[in-house]
Amino acid sequence: MAQGHDRAYGKNRLVVLKAKTPREGVVWLVGAGPGDPDLLTVKALRLLQSADVVVHDRLTPQAILDLAAPAARMIDVGKRKSHHTLPQGDINQLLVALAREGLTVVRLKGGDPFMFGRGGEELAVLRAAGVEAHVVPGVTAALAAGLPLTHRGLAQAVTFVTGHAAADAEPDLDWVSLAKANQTVVVYMGLSTAPKIAARLMAAGRAGSTPVVVIENASLADERRLATTLAMLGADATELDGPALLVIGEVAALENSLLPLREKVSAEPTDEGSHRRPGLDRDDARTGPRDPSSVSLREPPSPARGEGLQRGGVARAGGQS
């Protein structure tokens, strides 16, 4: 009787199988900094090296992409004027879909994810979809410009604005506030609208003699810098054509005086008997396995080497043009 009872119990009881549950994915919105691999945060580098997928912008330098895990899938979703590889809505949904596949996704964004990018929109979509998402700040281009944006006695405030508006419209900014002295105005993506920006600021009361520095490809080996004034900005800015910042204000007058102080700094050992670790050389060429400790720091332009600036002159990181 007992034996029959046991057989019946064994036949009808619920058996729980230890099935493998799907791994939940995660998306990291990571700031890639202004372009120099040395300016990546340690956390950004660690995440790149452990990512299953890297979704990156068009202007992300190859030297940074090369730091990703060798097996990582690389997806270019870059945008440029009048052409998007993927519309922003599709990028948002791509991030959700990749995370739902159980992948660790790095959404690599130039500069800082929240500085004139679409990082806030992407984060909102991910959170609404129930996807785990985190943000890793990055060095924004203005901080790589090499100028003290709030130098004592010259600027008590700094304002970051964008010179780009939808459908090529003029940016809707508070020109009167921006025209006030004793502050620095940094304009992102303002090269194409530089003449309008200069005109608006002068019409609002900013002096035409206000110093301006235009910095193209800040922190990169092909960085170019142009020192001018607000009155001459529209004409002089035509000498540049790449991604550029406009630094407007009295601190821009420090451009020439501070350049000689930018000394060469190297992360690599200098002792005669030391061994150089493989990684990126000064031209960002691959010389060996990925090794974050070997990323080198570049030598910025120096007037002592004939690379100083005159008003309206353009200097490259490697010499004057």
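Predicted model: local features only at pLDDT ≥ 70, side-chain atom pairs only at ≥ 80, totals over all residues.

Tutor: Residues are numbered from 1 along each chain as its sequence is written, and side-chain values use heavy atoms, with hydrogens and water left out.

Helix α2 covers residues 42-50, and its buried residues are A44, L45, L47 and L48. (Helices are DSSP runs of H or I with at least four residues, strands are runs of E with at least two, and both are numbered from the N terminus; buried means under 20% relative accessible area, exposed over 50%, partly exposed in between, with a 1.4 Å probe and protein chains only.) Seen down the axis of α2, these buried residues fall within an arc of 165 degrees, so they line one face of the helix. The arc is taken from the directions from the helix axis to the C-beta atoms. The buried residues of α2 pack against β1 (26-31), β2 (53-56), α3 (62-65), β6 (104-109) and β7 (132-136).

Now the single residues. L233 lies in helix α8 (residues 233-236) and is buried, with a relative accessible area of 0%. Leaving aside neighbours within four places in sequence, L233 is in contact (heavy atoms within 4.5 Å) with A194, A198, V212, V214, T228 and L246. L233 and K196 are 37 residues apart in sequence and 9.8 Å apart in space, C-alpha to C-alpha.

Q88, in helix α4 (residues 88-100), also counts as buried, at 8% relative accessibility.
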